Amino acid sequence: MRFRDQLRSLPPAVWILLGGTFINRVGQFVMPFLVIYLTRIGYSTAKAGLALGAYGLGHVVASSLGGHLADRIGRRNTIVLSMFGSAASMMALSQARTYGLIVVLTTITAAFGELYRPASHALLADLMPPDQRIFSFAIYRFAINLGVAAGPAMAGFLAEHSFFYLFAGDALTSVIYGVIAVFALPQGLKTYEKGERTGEALRVAIRDRRFMLFLLATLLAALVDMQMGSTFALHVTNTLGFQPRIYGLLISLNALLVITCELVIINATQRLSPRPVIALGYLLWGLGFSLTGIAHTVPLLAWTVVIWTFGEMVSSPLIAAYVAEIAPERYRGRYMGLFVTAWSVALCIGPPIGTFVFERNPAALWAACGVLGLLSAALLYTPAGPEK
């Protein structure tokens, strides 16, 4: 099916989901500027960093809870709860001044703000037939990346006038998506059964060797990806001595490639068996970051970005579609939750572990990225039973 025909085949509910997701991602103003905000109101850099770490904790809570709620109360209801809860907690955070309250509200805000992810993935899988899921998840990622590309510039403009505008703007876009979800999104599947034993879905997932190997491979690849915003930044600015704008340009190169090339790539790979393609992507992720250690000029750094970005573009649109393919329908939301949890755990431990190793032996860190890429690819080639 041609690209244009695939776009036309997307049902209206998918376009509504894409539009709401884009609005929400454009409006995620606060977290990228939270450290700056906290230092401006008088807290140390260390305390600001710790508060930001609370966001990772909230992300982990939301990943598992969001999948459970998606199956129990429905996809739409989970998205609505996420959006309105996020708006309320964001406005409360804007008024917090004591450090303990800021940390608690940051955790709560992150939990509400990320609760929608497993539900959105599950709803998209509900709405699309299996042969079109990969393309629909690629379009979903495209909407997210467009929002991420537009949001920080707008947030910077608002912050110049008042940091309160960041909180209010973030909350407003969450409310808009929440209203869209209430009136325009379908409910999706609600598969939780009254007689279901506590933890049954988790036990099913743990016994699913194919899924467990996939989760472990994804966690290893995600640990590599988390170096982008931590040790890669330190390598470019501190080790090599380039200005922060060079790091910014390199990250912009990543975003530009994803926006312009990912749909083209996925149009060519979506008919292939997903597991080997994901393995190739994870391998390229590790290879690209491992080469960072020997890249000492801006052009060489740019080539490393190109390599790991191609790994991202090859694998990322297939990942959620693959989870939807192998998950039992009644546990689809919770499988999605476990998948998102793997990324959330990497968000919590990847930067601290990476910076710890980097401070002591940068070469060891970049070599470890290559090893993790190889291991993640190998895990996806480990025999795990027949594909569905």
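Student: Where is M336 found?

Tutor: M336 sits in helix α16. Helices here are DSSP runs (H or I, at least four residues), numbered from the N terminus. This is a predicted model, where local features need pLDDT of at least 70, side-chain atom pairs count only at pLDDT 80 or more, and totals for chains, interfaces and linings use all residues. Residues are numbered from 1 along each chain as its sequence is written, and side-chain values use heavy atoms, with hydrogens and water left out.

Student: Is M336 buried or exposed?

Tutor: Start with the cut-offs. Buried means under 20% relative accessible area, exposed over 50%, and partly exposed in between (1.4 Å probe, protein chains only). M336 counts as buried because its relative accessibility is 0%.

Student: Which residues is M336 in contact with?

Tutor: Contact means heavy atoms within 4.5 Å. Leaving aside neighbours within four places in sequence, M336 touches P118, H121, A122, F137, A320, V323 and A324. M336 and S64 are 272 residues apart in sequence, yet their C-alpha atoms are 8.6 Å apart in space.

Student: How many residues does the largest nonpolar core have?

Tutor: First, the general idea. In soluble globular proteins, nonpolar side chains tend to be buried together. A nonpolar core is a set of buried Ala, Val, Leu, Ile, Met, Phe, Trp, Tyr and Cys residues joined through side-chain atoms within 4.5 Å. The largest one here has 87 residues, and I79, F214, Y282 and F339 have the most contacts inside it. Helix α15 gives the most to this core, with 14 residues. A second, separate core has 26 residues, including F33, L34, Y55 and A110.

Student: What is Y282 in contact with?

Tutor: Skip the neighbours within four places in sequence again. The contacts of Y282 include F214, A217, T218 and A221. Others among them are S315, I319, G373, S376 and L380.

Student: How many disulfides does a search of the whole structure find?

Tutor: A disulfide is a covalent bond between the sulfur atoms of two cysteines. The test is a pair of cysteine sulfur atoms within 2.5 Å. The search finds zero. Take C348, which is in no disulfide: the nearest cysteine sulfur, that of C369, is 18 Å away.

Student: Why does C348 count as partly exposed?

Tutor: C348 counts as partly exposed because its relative accessibility is 28%. C261 also counts as partly exposed, because its value is 22%.

Methods: Helices (H or I, at least four residues) and strands (E, at least two) are DSSP runs, numbered from the N terminus.
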